[in-house]
Structures are given as C-alpha cells and as structure tokens.
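Reader: I've got a model open and I'd like to learn how to read its sheet. Can you walk me through it?

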Amino acid sequence: ILRRVAHEAGEITLGYFEEGMAMSSQTKPDGSPVTEADKRAEAHIIKELRAHFPAMPMVAEECMAAGECPDVANAEYFFLIDPLDGTREFVAGSVEYTVNIALMKEGEPHLGVIYAPALGAMYATDGEGGAIRWMEESGSEKAIRVRRPSHGGLTVMASKNRGAVETDKYLEGHKVEKIIRQGSSLKICAVAAGKADLYPNFGPTCEWDTAAGHAILRAAGGDIVTLEGQALTYGNAKSNFINPAFVARSNHLA
C-alpha cells in the first residue's frame with residue numbers, strides 16, 4: 001500500500017515538474033518553499049492512507065505548516081509523511097526530489113518508502129526485514145545492502161546547499177576518497193544501496209525528512225544516529241518534530 005501510494009503521489013508531482021509549473025512556489029513561515037505539487041501530493045497520500053488506516057495518526061509536513069498536529073505521544077503506530085522532499089531542487093528543475101512515507105512503531109522507523117519520480121527509482125523496506133530498490137525503466141527490483149568501506153577511503157554524501165564547513169570539520173581525521181553532493185533523502189538511499197558510506201547532516205531537518213530513509217537504511221544494515229551516537233528518535237511534538245544533527249552510516253562504521 002505504501003509503495004503504491006508513494007508512486008501515485010510522485011506521479012502528481014511529476015505532472016507539475018514536466019509541465020514547468022514547479023517554478024511557482026510560496027514561502028512558508030519557516031522560510032522553506034512550498035508548491036501546489038507539495039499540497040496536492042500530500043492530500044492524495046493522506047486520503048489513500050486514511051482509507052486503509054482510518055484511526056492511525058498522520059504527521060505530514062504541509063499539515064504541520066498549517067497548524068494541524070496530531071497527538072502521537074501514546075500512539076503505537078503513526079505515519080510521517082513528506083510529500084515532496086527537496087522542494088528547492090524541485091523548484092530549480094532538478095530531478096533530485098522524493099516522496100517519503102514512513103510507518104513508525106513505538107517511536108521507531110518500522111516501514112519506509114522513498115520514491116524519486118523524475119528518476120523512476122523507488123527505495124523501500126520489503127516488509128520482511130530487508131530493503132529493495134525498484135527501477136521503473138526495467139520494472140525490476142533488487143535487494144540492497146550497505147557496503148564495507150573501501151581501503152581507498154570513505155565516500156561521503158553531503159547536502160548541496162548547506163553544512164559544507166561543518167561537514168569538512170566533522171571529516172577531519174577520516175580518510176575520505178570523495179564527497180558527493182546531492183539533494184533530498186536520496187543521500188540516505190545512497191548509503192543504504194552501498195553507493196556511499198556516510199552522510200553527516202548539520203542543517204535543519206524534520207522527522208518526516210529522515211523517517212522513511214531511516215527505516216530503509218536500518219533494513220539495509222545501517223542506522224541514523226546523533227553526533228553523540230544516540231539513536232535518532234521520532235514523535236517529538238514538543239520540539240516541533242525537528243531533528244538534531246545526525247549521521248547516516250553503515251553499521252560497518254559504528
């Protein structure tokens with residue numbers, strides 16, 4: 001269900017993207033951009049999920065921006081939804097944006113789907129403890145797994161727009177082969193798929209930005225932790241669902 005809904009929401013965003021309507025955006029109170037594609041994709045996701053899970057709380061980015069915050073303090077299960085992660089990339093015409101849907105269980109990432117519509121790629125937990133990547137062009141899916149670091153050094157994912165100074169400082173003392181700058185939650189997917197070893201993030205992110213990727217990365221043999229090595233937690237309404245700085249990495253680097 002989550003994979004289907006993410007794909008349908010992605011097709012909604014792709015319609016705007018291909019028609020050149022992505023350039024029309026507004027600025028939310030927190031300074032981040034929002035487009036009509038964000039709103040329509042989120043409305044579709046919520047409608048479809050409520051049809052199957054009517055009693056389950058849903059924390060969604062645009063609903064939160066509108067002041068709609070469900071109580072998840074005592075919820076065994078709840079959803080975290082980002083209908084269009086990487087809106088800045090989307091507005092700029094970049095293909096590096098995603099649809100993120102995560103199912104949380106007792107505050108931890110349980111299932112996750114990340115769909116990159118313009119790339120025709122979907123990353124997801126497989127429901128059996130593993131993770132997969134599905135490519136639309138071939139219609140095939142394959143299991144993904146984190147990799148062991150190369151003797152030549154680490155491949156590090158980094159944000160395109162922020163945190164360069166902090167990232168360079170964090171990597172001091174590490175042997176780094178290359179740094180790849182990419183948008184949206186695709187950076188977490190790269191670690192999960194064994195294309196990179198590490199993704200440190202020092203910029204502002206929210207729980208819906210990381211939850212789906214966290215579920216996928218855990219299933220692929222990695223994790224997301226704070227800079228102090230503590231587990232990244234979810235359902236923190238008192239902090240407006242804002243994440244601390246974190247590191248997504250293979251368990252080989254634990």
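Author: Happy to, and keep in mind that this is a predicted model.

Reader: What do strands of a sheet pair through?

Author: Backbone hydrogen bonds, and the pairing can be parallel or antiparallel. Here, for instance, Val113 has Ala124 in E7 as its bridge partner.

Reader: Which order do the strands of the open sheet have?

Author: Read it as E3-E4-E5-E6-E7-E8-E9, seven strands with mixed pairing. Strand E3 (58-60) and strand E9 (140-144) are the edges, each pairing on one side only. On average, neighbouring strands in this sheet are turned by 15 degrees against each other, ignoring direction.

Reader: Which helices pack on the sheet?

Author: Take helix H1 (residues 2-18) to begin with: it touches strand E4 (77-85), strand E5 (98-105), E6, E7, strand E8 (131-135) and E9. The direction of H1 makes about 35 degrees with that of E6. Helix H2 (residues 36-52) also packs there, touching E3, E4 and E5, and its direction makes about 155 degrees with that of E4.

Reader: Now a single residue. Does Ser159 count as buried or exposed, and why?

Author: Buried means under 20% relative accessible area. Ser159 has 12% relative accessibility, so it counts as buried. You'll find Ser159 in strand E10 (residues 154-159). Leaving aside residues up to four places away in sequence, Ser159 touches Arg181, Gln182 and Lys187.

Notes
Residues are numbered from 1 along each chain as its sequence is written. This is a predicted model: local features need pLDDT of at least 70, side-chain atom pairs count only at pLDDT 80 or more; totals for chains, interfaces and linings use all residues. Side-chain values use heavy atoms; hydrogens and water are left out. Two strands pair if DSSP finds at least two bridges between them. Helices (H or I, at least four residues) and strands (E, at least two) are DSSP runs, numbered from the N terminus. Axes are lines fitted to C-alpha atoms, for helices over the stretch in contact, and angles run from 0 to 180 degrees between N-to-C directions. Contact means heavy atoms within 4.5 Å. Buried means under 20% relative accessible area, exposed over 50%, partly exposed in between (1.4 Å probe, protein chains only).
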